[in-house]
Amino acid sequence: MRVLGVDPGLTRCGLGVVDVAPNRTATLAGVGVVGSSHELPLDARLLVIANAIDRWLDVFKPEVLAIERVFAQTNLSTVMGVAQVSGVVMVAAARRNIPVAMHTPSEVKAAVTGSGRADKASVTAMVTRILRLDEPPRPADAADALALAIAHAWRSGSALGGDGTGSRGTTAAQKLWRDAEAKAKLTKNKEKPGAAWR
């Protein structure tokens, strides 16, 4: 399975392509960061990122695109920028009929490190180890994009070599990832009125 991971951002948008074999061995296919200057108007910045995404999708031809799910932060302008970039990326994938998957930062951290609270240094270190790289991918946005790609591939049925539940040969990190995802869904449902009756 070939996955393009995207860590969305207006100033730095991390991109990472990973090939994952049925035995969960992951191999780096491409990594980089697209930057746009804050001096440009918003439409021009989004165009820079859109053009780069188009090139990456056409060159690497991923089977799926994994993108970080936007979370509310105290900095509203940052959230808006991330959301706008995410929209541009998803549209580019949709035009090519490439499925899009969204994952929270904690889900990705749990998948690659075994802990949903891991810091960026730990994520980068594990990505370097998983992909058997001589040196860590820089900047952190690039490492985060690769972590997204790895997390998605490990979760999928193709990478797990089964039905997607991970019942065969599940790693400890993958089990923690699924546990974290289930806990997040449970918490979300508890917050919804009448969720228990659905």
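## Terms and model

A residue counts as buried under 20% relative accessible area, as exposed over 50%, and as partly exposed in between, using a 1.4 Å probe and protein chains only. By that rule strand β4 is mostly covered: four of its five residues are buried. Helices (H or I, at least four residues) and strands (E, at least two) are DSSP runs, numbered from the N terminus.

The model is predicted: local features need pLDDT of at least 70, side-chain atom pairs count only at pLDDT 80 or more, and totals for chains, interfaces and linings use all residues. Residues are numbered from 1 along each chain as its sequence is written, and side-chain values use heavy atoms, with hydrogens and water left out.

## Overall make-up

The protein has seven helices and five strands. Along the sequence they follow the pattern β-β-β-α-β-α-β-α-α-α-α-α. Of the 198 residues, 42% are buried.

A contact means heavy atoms within 4.5 Å. Among contacts between residues at least 6 apart in sequence, 61% join residues at least 24 apart.

## The sheet

Two strands pair if DSSP finds at least two bridges between them. Strands of a sheet pair through backbone hydrogen bonds, either parallel or antiparallel. Here five strands form an open sheet in the order β3-β2-β1-β4-β5, with mixed pairing. β3 (26-35) and β5 (100-103) stand at the edges with a single partner strand each, so one side of each has no neighbour in the sheet. The twist averages 20 degrees from one strand to the next.

Helix α5 (residues 140-155) packs on the sheet and touches β1 (2-7), β2 (12-20), β3, β4 and β5. Its direction makes about 35 degrees with that of β2. Axes are lines fitted to C-alpha atoms, for helices over the stretch in contact; angles run from 0 to 180 degrees between N-to-C directions.

## Strand β4 and its partners

β4 covers residues 64-68 and runs parallel to β5, joined by four bridges. A66 stands opposite A101 in β5. I67 has M102 as its bridge partner in β5.

Four bridges also join β1 to β4, again in parallel. There, V6 has I67 of β4 as its bridge partner.

## S86 in helix α2

S86 lies in helix α2 (residues 76-95). It counts as buried, at 2% relative accessibility. Its side chain reaches the backbone oxygen of V82 at 2.8 Å. Leaving aside neighbours within four places in sequence, S86 is in contact with P8, I67, E68 and V70.

Note on methods. A polar contact is a pair of N or O atoms within 3.5 Å; within protein, one must be able to donate a hydrogen and the other to accept it, and residues adjacent in sequence count only if both atoms are side-chain atoms.
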